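Student: I am new to this structure. Could we go through some side chains together?

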Amino acid sequence: MNDNANAPDSIYLRRLSRFIDVVYALIFFHMLTTYLPFVEDMKWSHKPMGLLSHLIDNKSELLRIFIGAGLALMYWNQNNIFFKNLVKTNGTHAALSLIQLFLVCMFVYFAIADPGLESSSSPALQAGSLALAGFISVGAWVYASKHNLVRADMKEEEIKALTKSNLMEPLTAVVNVGLAFVGPLAWTLAWFVLPPVFIWLLKPKNKK
């Protein structure tokens, strides 16, 4: 067991996982520092409730943080769910994982470029980036399961269930590509409404 943990491909998996975690931490930090309301001018100190009033006045920026950071964390969690069931990686799986990470970074780029959602192309590109990232992540998992990179004790039913349950994120993003052209409000609300719907649709049905 120790020999397997110290195998080159297993060490490569740990290094890949650490690298991805660091990048997600930087994404989260960058979104917080970008979207948090500006406070250095101290103008908020003259408002009725001080800093609280300042935050209320800038609630749209706080909503952007909630959505942007929340989506980034959701994809980080998806990555963790897959990685904890892997025992090793290879060049193809690592490349797919890094492409997925790059697409999440592109989501952050599009989000920061147009925080007010002034153009319909910005939310569409954000959702498109996340859709591709999600499908590539699931694809990397399917590839890993077919190339003996997953835990030996995992059953085929478990692998399929894990694959299906993690389609919620990219399916939500696909729908939101279209909703980006409906309007910012519909696009924003969909990130809250659609995930529970897809979770219910993708939930394994009890066989009688």
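Student: Is Trp-141 buried or exposed?

Tutor: This is a predicted model; local features need pLDDT of at least 70, side-chain atom pairs count only at pLDDT 80 or more, and totals for chains, interfaces and linings use all residues. Residues are numbered from 1 along each chain as its sequence is written, and side-chain values use heavy atoms, without hydrogens and water. Buried means under 20% relative accessible area, exposed over 50%, partly exposed in between (1.4 Å probe, protein chains only). Trp-141 has 2% relative accessibility, so Trp-141 is buried.

Student: How many aromatic pairs are there?

Tutor: Rings of Phe, Tyr and Trp (its six-membered ring) pair if their centres lie within 6.5 Å. By this rule, the count is three.

Student: What is the angle between the planes of Phe-82 and Trp-141?

Tutor: Planes under 30 degrees apart count as stacked, over 60 as edge-to-face and the rest as tilted. Phe-82 and Trp-141 are stacked, at 5.3 Å centre to centre, with a plane angle of 15°.

Student: Is Phe-82 buried or exposed?

Tutor: The relative accessible area of Phe-82 is 3%. Therefore Phe-82 is buried.

Student: Which residue forms a salt bridge with Asp-153?

Tutor: A salt bridge needs a side-chain nitrogen of Lys or Arg within 4 Å of a carboxyl oxygen of Asp or Glu. A search of the whole structure finds one. Its closest N and O atoms are 2.5 Å apart, and the partner of Asp-153 is Arg-151.
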